[in-house]
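Below is a brief report on one protein model. It covers the sheet, the charged pairs and the surface.

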Amino acid sequence: PDMPPIVIVGVHPVREALRAGGVREVRVGPRADGRVTEIVRLAEVKGIPVRRVDVAELDRLADGERHQGVLATLGAAPRRWSLEQLVEQEATPLIVVLDGVEDPHNVGAILR
């Protein structure tokens with residue numbers, strides 16, 4: 001069955017996804033600030049389509065998340081790993097288990 005596309009929202013997550021690869025499309029609202037302009041340039045350099053959309057479409061696609069005027073659609077679902085597969089890798093894995101995190105910025109702070 002077809003999986004719905006994965007949508008990520010916000011300036012920092014979209015910028016990092018563009019740097020990491022796998023972004024299929026970027027959508028930006030009509031009022032782009034300097035950070036969104038930087039994202040548009042990065043997408044264009046990588047040959048990723050950028051669509052200008054109205055705020056209503058961003059709101060609909062962001063499904064209640066704070067999009068900051070930008071969101072991206074990823075091309076493929078991330079690979080799923082079992083805990084056993086992670087532990088069996090050659091390099092020693094760092095495994096962080098989180099529960100009840102409501103603000104995605106907290107995850108960034110934990111990883112830093």
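This is a predicted model: local features need pLDDT of at least 70, side-chain atom pairs count only at pLDDT 80 or more; totals for chains, interfaces and linings use all residues.

## Strand E2 and its partners

E2 and strand E4 (residues 70–74) pair in the antiparallel sense, with five bridges between them.

On its other pairing, E2 (residues 23–28) runs parallel to E3, and three bridges join the two. Arg27 faces Arg51 in E3. Val28 stands opposite Arg52, also a residue of E3. E2 is mostly covered, with five of its six residues buried.

## The sheet as a whole

The strands belong to an open sheet of four, in the order E1-E4-E2-E3. Pairing in the sheet is mixed. Strand E1 (6–9) and strand E3 (50–52) are the edge strands. Each has a single partner strand, so one side of each lacks a neighbour in the sheet. From one strand to the next, the twist averages 25°.

In general, strands of a sheet pair through backbone hydrogen bonds, in a parallel or an antiparallel sense.

Which residue forms a salt bridge with Arg27? The partner is Glu25, and the closest N and O atoms are 2.9 Å apart. Arg27 has a relative accessible area of 13%, so Arg27 counts as buried. Glu25 is buried too, because its relative accessible area is 15%, and the cut-off for buried is under 20%.

A general rule applies to strands: in a regular strand, side chains alternate between the two faces of the sheet.

## Salt bridges around helix H1

The structure holds eight salt bridges. One of them joins the side chains of Arg15 and Glu38, at 3.4 Å from N to O. This pair links distant parts of the chain. Arg15 is in helix H1, Glu38 is in helix H2 (residues 34–45), and 23 residues separate them.

Another salt bridge brings together the side chains of Arg19 and Glu16, at 2.9 Å from N to O. Both residues lie in helix H1. They are three residues apart, about one turn of the helix.

What joins these two pairs? Salt bridges that share partners connect Arg15, Glu16, Arg19 and Glu38 into one network.

## Exposure across the network

Is Arg15 buried or exposed? Arg15 counts as buried, because its relative accessibility is 11%. Arg15 sits in helix H1 (residues 11–20). Neighbours within four places in sequence aside, Arg15 is in contact with Glu38, Ile39 and Leu42.

Arg19 is partly exposed, with a relative accessible area of 48%. Glu16 is partly exposed as well, with a value of 42%. The class runs between the buried limit of under 20% and the exposed limit of over 50%.

## Helix H3 and Gly29

Ala56 is found in helix H3 (residues 55–62). Ala56 has a relative accessible area of 54%, so Ala56 counts as exposed. In sequence, Ala56 and Gly29 are 27 residues apart. In space, their C-alpha atoms are 9.1 Å apart.

## A nonpolar surface patch

Which residues form a nonpolar patch on the surface? They are Leu94, Val96, Leu98, Val101, Ile110 and Leu111. Together they have about 580 Å² of accessible area.

Leu94 lies in the loop between helix H4 (83–87) and helix H5 (104–111). Leu94 counts as exposed, because its relative accessibility is 76%.

Key
Residues are numbered from 1 along each chain as its sequence is written. Side-chain values use heavy atoms; hydrogens and water are left out. Patches are made of residues with over 30% relative accessible area and no salt bridge: like charges are joined within 9 Å, nonpolar side chains (Val, Leu, Ile, Met, Phe, Trp, Tyr) within 5 Å. Accessible areas come from the Shrake-Rupley method with a 1.4 Å probe; for residues, only the protein chains shown count as cover. A salt bridge is a side-chain nitrogen of Lys or Arg within 4 Å of a carboxyl oxygen of Asp or Glu. Buried means under 20% relative accessible area, exposed over 50%, partly exposed in between (1.4 Å probe, protein chains only). Two strands pair if DSSP finds at least two bridges between them. Axes are lines fitted to C-alpha atoms, for helices over the stretch in contact, and angles run from 0 to 180 degrees between N-to-C directions. Contact means heavy atoms within 4.5 Å.
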